[in-house]
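My entries follow in the order I made them.

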Amino acid sequence: MAQARLVVDPAFSLGAVDRRLFGSFVEHMGRCVYEGIFEPGHPEADERGYRRDVLALARELGATVIRYPGGNFVSSYRWEDGIGPVSERPTRLDLAWRSIEPNTFGLHEFLGWTELAEVEPMLAVNLGTRGVQDAADLVEYCNHPGGTVLSDRRAKNGAVDPFGVHLWCLGNEMDGDWQVGQKTATEYGRLAAETAKAMRLVDPSIELVACGSSNREQRTFAAWEATVLEHTYPFVDYISMHTYYEETDSLADFLATAVDMDGFIEDVVAAADYVRAKLRSPKQLKISFDEWNVWYQTRHHALPERDWRHAPSLIEDDFTVADAVAVGSYLISLLNHADRVAIACQAQLANIIAPIRTLGGGPAWRQPPFYPFAAAARLARGVALRLPVQAPAMETPKFGAVPSVTSAATWDEQSRSLSIFLVNRDPDNDHIAEVDVRALALREVWEQQALFDPDIRATNSAHQPDRVRPRGEITARLQDGRLTVPLPAVSWTALSVNAATS
Ligand code: AHR
């Protein structure tokens with residue numbers, strides 16, 4: 001068995017892990033909201049229509065931030081449709097997903113749900129078909145204490161205290177030709193800058209995310225970031241990134257896609273730092289990676305053909321063990337860039353390429369990627385460490401030779417605990433990780449979780465909700481300052497190790 005060698009030393013810190021790295025996303029798309037988190041009349045629904053079973057799973061998942069209401073949906077959304085008495089709300093065509101939107105779930109319902117779930121809301125404003133005034137109005141409605149038409153309307157609608165929404169996205173994927181109201185980089189950059197200024201005039205404490213490219217394959221990628229940031233740099237706090245990966249011809253390529261994610265992050269950092277230098281700005285911009293996941297886009301069309309329905313089943317991928325391992329590697333990539341990536345949202349929370357699946361009127365269950373996400377959200381605390389890895393190389397058709405083992409580590413001084421996340425992305429070979437932890441007086445491995453299976457295509461379903469679960473046996477051995485961890489082929493592992501108090 002080949003060995004991967006790692007060195008852990010708390011002297012080499014990348015910086016604090018922002019808790020918002022473990023975000024998720026709820027879009028008015030398919031069955032994410034309706035039959036996902038919200039289903040009045042379901043046996044598990046509470047008096048407001050929230051599904052208690054899904055809420056419990058969302059809490060267990062441990063997502064810290066939830067982005068809402070889109071996604072593509074937001075680009076033609078009128079936020080006022082989702083406030084006020086439900087019986088008076090309009091039913092509309094949702095142009096993004098060619099669906100019927102009844103607006104029985106809107107702003108108050110979402111923010112009420114985030115309170116129950118104990119997550120921070122992240123709202124997107126419509127910069128597709130709308131602009132400066134509507135965005136400023138929405139901030140006023142949400143955050144102004146009272147005494148104006150909009151803040152008083154919020155109180156009348158049941159929320160006397162301001163919602164205090166802190167995080168805002170300036171539109172969504174505005175470079176995409178699928179977007180309602182697509183813009184050029186200059187059009188979007190100017191609009192985003194003016195919108196940001198107006199939103200900040202209403203509430204100077206908010207944080208703002210400018211749209212980066214929809215993905216790295218966009219023809220305009222990097223030039224888009226540079227132009228948008230030349231207009232918006234002084235007014236925004238983050239630039240967004242989105243990416244989705246899938247297995248097409250080669251399992252090895254798919255399992256190595258975190259290599260692409262690493263490169264993508266580094267490219268966006270380069271574009272942001274170019275603008276910083278050009279503007280002689282002292283400010284260093286961070287990244288909001290507010291959509292990432294596995295998504296089998298080539299397997300099915302997302303859009304129903306001219307079939308206007310409410311909450312159709314869209315992109316409900318059944319994820320496998322291999323997908324969970326890939327998700328584990330993306331979380332490692334995010335942690336290894338914790339110095340520049342502050343916020344990240346796995347897309348999406350329920351049903352839409354999601355860790356949580358439901359049946360309308362039926363049960364809810366965890367998909368395999370639920371587990372690496374929940375473990376990272378719970379165990380990645382304190383600071384992310386620079387973690388040099390020397391691992392046997394594996395050949396991939398697309399990325400060439402890549403290290404077969406990828407890993408990240410965090411160190412929490414307060415609890416004196418070390419968390420290590422490891423993925424063996426080699427489709428054919430088991431490996432052993434030997435982690436040099438002599439820099440820490442480690443006492444014991446107190447938790448290990450590992451996800452692997454002889455059938456890497458195994459999945460969970462309503463009938464077999466627990467077919468895939470992480471194994472909890474502690475197979476790692478700690479001796480003489482070295483931690484030895486067996487890593488089966490196509491596996492994800494999380495470890496938590498206690499150190500003696502200094
Ligand atoms: O998450 C699904 C969709 O993917 C989002 O609506 C959009 O922003 C992205 O293209």
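Entry 1, loop residues with positive phi. I found Glu118 in the loop between α2 (107–117) and β7 (120–125); helices (H or I, at least four residues) and strands (E, at least two) are DSSP runs numbered from the N terminus. Glu118 is not a glycine, yet its phi is positive, about 55°. I noted Glu118 as exposed because its relative accessibility is 63%; buried means under 20% relative accessible area, exposed over 50% and partly exposed in between, with a 1.4 Å probe and protein chains only.

The model is predicted: local features need pLDDT of at least 70, side-chain atom pairs count only at pLDDT 80 or more, and totals for chains, interfaces and linings use all residues. Residues are numbered from 1 along each chain as its sequence is written, and side-chain values use heavy atoms, with hydrogens and water left out.

I then looked up Val490, in the loop between β24 (482–487) and β25 (491–499). Val490 is not a glycine either, and has a positive phi of about 50°. Is Val490 buried or exposed? Val490 counts as buried, at 2% relative accessibility.

Most residues other than glycine have a negative phi, and most peptide bonds are trans. I logged a cis bond between Tyr68 and Pro69, with omega about 0°. Pro69 sits in the loop between β4 (65–68) and β5 (92–94). I logged another cis bond from Gly70 to Gly71, with omega near 10°. Gly71 is in the loop between β4 and β5.

I checked the length of α8 (residues 257–278): its 22 residues should span 32 Å at 1.5 Å a residue, and its end C-alpha atoms are 32 Å apart, which agrees. The expected span is 1.5 Å times one less than the number of residues. I listed the buried residues of α8, among them Met261, Phe264, Ile265, Val268, Val269 and Val275. What covers the buried residues of α8 includes α6 (223–232), β10 (238–245), α9 (321–336) and β12 (341–347); contact means heavy atoms within 4.5 Å.

After α8 comes Arg280, with a positive phi near 50°. Ser281 lies in the loop between α8 and β11. I marked Ser281 as buried because its relative accessibility is 16%. Leaving aside neighbours within four places in sequence, Ser281 is in contact with Tyr233 and Arg276.

Two packed helices are described by the angle between their axes and the distance between the axes. For α5 (residues 185–202) and α6 I read an angle of about 30° and axes 8 Å apart. Axes are lines fitted to C-alpha atoms, for helices over the stretch in contact, and angles run from 0 to 180 degrees between N-to-C directions. The angle makes α5 roughly parallel to α6, a term for angles under 35 degrees. The residues in this contact include Tyr188 and Arg190 of α5 and Trp224 and His231 of α6.

I located Gly360 in the loop between β13 (356–358) and β14 (364–366). Gly360 is partly exposed, with a relative accessible area of 42%. Which residues does Gly360 touch, not counting residues up to four places away in sequence? Gly360 touches Arg31, Glu35 and Glu39. I also read the separation of the C-alpha atoms of Gly360 and Glu473 as 35 Å; these residues are 113 residues apart along the chain.

How values were computed. Parallel < 35°, antiparallel > 145°, perpendicular 65-115°, else oblique.
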